[in-house]
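Thanks for asking me to look over this model with you. Here are my notes, point by point, to read beside the sequence and the structure.

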Amino acid sequence: MANLRNNRLRRICPSIFLLSAACLLAACGEKTVATTEDEFEANRMFDILHSRELPVDKYPKEGEKPGWNIVIDEGWFGDGEAAVATQVLNDYGLPRTKELLPETTSPYGMTSEHEVKKRQNREKEIQIEKQLYLLPGVTKVGVLIAQPDNDTLSALSGDKTPPTASVLVVQKEMPPKFSDDDVRSQVSGTVAELKPENIRVTTTYQPLREIPLEKLVAQRRSNKIYALGTGLILLLASALGAIWYVLKRRRKPAESETEQLTAGDDAPEISGLNRPALEAGDEEI
């Protein structure tokens with residue numbers, strides 16, 4: 001019986017420990033707030049979140065396609081940093097929706113010159129956008145370049161249509177620390193035959209939303225209280241379980257002794273009437 005009780009205890013204790021650990025670990029961990037295949041964009045998201053003093057990290061994405069995961073460590077019980085990080089990235093227009101660049105081959109395996117130009121044009125736009133993100137205070141950028149299809153006859157006659165561009169810049173500071181001419185110089189230096197006067201620049205102001213620090217502090221406080229209460233409850237439950245087990249083990253020997261004494265008291269007695277007969281029988285034997 002003692003071995004059976006010990007075996008049951010060995011099975012129950014690990015289960016209680018694992019259940020308690022699962023309850024604690026379920027409330028902690030890292031959360032992925034963004035995923036991108038562009039390392040430049042991943043570095044930018046990391047820098048933005050790190051500058052806002054959020055617990056951010058960057059890990060390579062698992063799978064066949066290369067990429068990066070932006071992860072927020074919310075601690076043991078989570079203080080809402082993941083939601084704040086998502087808000088900050090949305091204010092910067094990140095992560096950007098992945099664009100499918102035009103294919104350079106037709107279904108018949110032939111290279112399409114028109115599609116090649118479209119792909120090259122979009123690659124230039126992306127390159128310009130990355131450069132404009134380096135301007136101070138810029139949060140979002142959009143670039144569109146119009147490259148006319150001038151044929152050979154137009155080129156020879158000199159009636160070529162010049163390329164044009166449209167640029168939208170969203171910045172978080174007012175007044176901005178750069179001018180429209182700075183933007184035009186960045187764009188015109190990347191596209192051949194694109195003159196600054198043919199570049200239309202639109203600059204808008206959009207302030208960043210404030211991080212709810214008071215809400216985060218209150219959340220941390222409540223989580224600490226919850227963690228302390230959970231720890232005390234687990235400690236109290238463990239202590240009560242140990243006390244119950246010790247008392248149960250002490251009660252078993254006492255019950256065994258009581259049963260033995262009761263069995264001795266209940267043994268049949270030989271009455272005085274039958275005793276002489278028994279003694280006579282013993283003498284005959």
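Predicted model: local features only at pLDDT ≥ 70, side-chain atom pairs only at ≥ 80, totals over all residues.

**Notes on the model**

1. Leu236, Leu240, Ile243 and Leu247 together make a nonpolar surface patch of about 380 Å². Patch members have over 30% relative accessible area and no salt bridge; like charges are joined within 9 Å, and nonpolar side chains (Val, Leu, Ile, Met, Phe, Trp, Tyr) within 5 Å. Areas come from the Shrake-Rupley method with a 1.4 Å probe, and for residues only the protein chains shown count as cover. Leu240 has its place in helix H7.

2. Residues are numbered from 1 along each chain as its sequence is written, and side-chain values use heavy atoms, with hydrogens and water left out.

3. Which residues of helix H3 are buried? They are Glu81, Ala82, Val84, Ala85, Gln87, Val88, Leu89 and Asp91, so H3 (residues 81-91) is mostly covered, with eight of its eleven residues buried (under 20% relative accessible area; exposed is over 50%, partly exposed in between, 1.4 Å probe, protein chains only). Helices (H or I, at least four residues) and strands (E, at least two) are DSSP runs, numbered from the N terminus. After H3 comes Gly93, with a positive phi near 70 degrees.

4. Now the charged pairs. A salt bridge here is a side-chain nitrogen of Lys or Arg within 4 Å of a carboxyl oxygen of Asp or Glu, and the count by this rule is nine. One of them joins Glu74 and Lys31, whose closest N and O atoms are 3.2 Å apart. Glu74 sits in the loop between strand E3 (68-73) and H3, and Lys31 in strand E1 (residues 30-36), so this pair ties together parts 43 residues apart in sequence. Glu74 is buried at 10% relative accessible area, whereas Lys31 is partly exposed at 45%.

5. Lys130 and Asp38 also meet in a salt bridge, at 3.3 Å from N to O. This pair links distant parts of the chain, 92 residues apart: Lys130 is in helix H4 (residues 113-132) and Asp38 in the loop between E1 and helix H2 (39-51). Lys130 is partly exposed at 29%, and Asp38 is partly exposed at 29%.

6. Arg209 lies in the loop between strand E6 (199-205) and helix H7 (213-265), 118 residues from Asp91 in H3. Elsewhere, Arg96, Arg122, Glu125 and Glu129 are linked in a salt-bridge network.

7. Last, the sheet. Three strands form an open sheet in the order E4-E5-E6, with mixed pairing (two strands pair if DSSP finds at least two bridges between them). E4 (138-146) and E6 are the edge strands, each pairing on one side only. E4 and E5 (residues 164-171) pair in the antiparallel sense over eight bridges, and Gly142 stands opposite Leu168 in E5.
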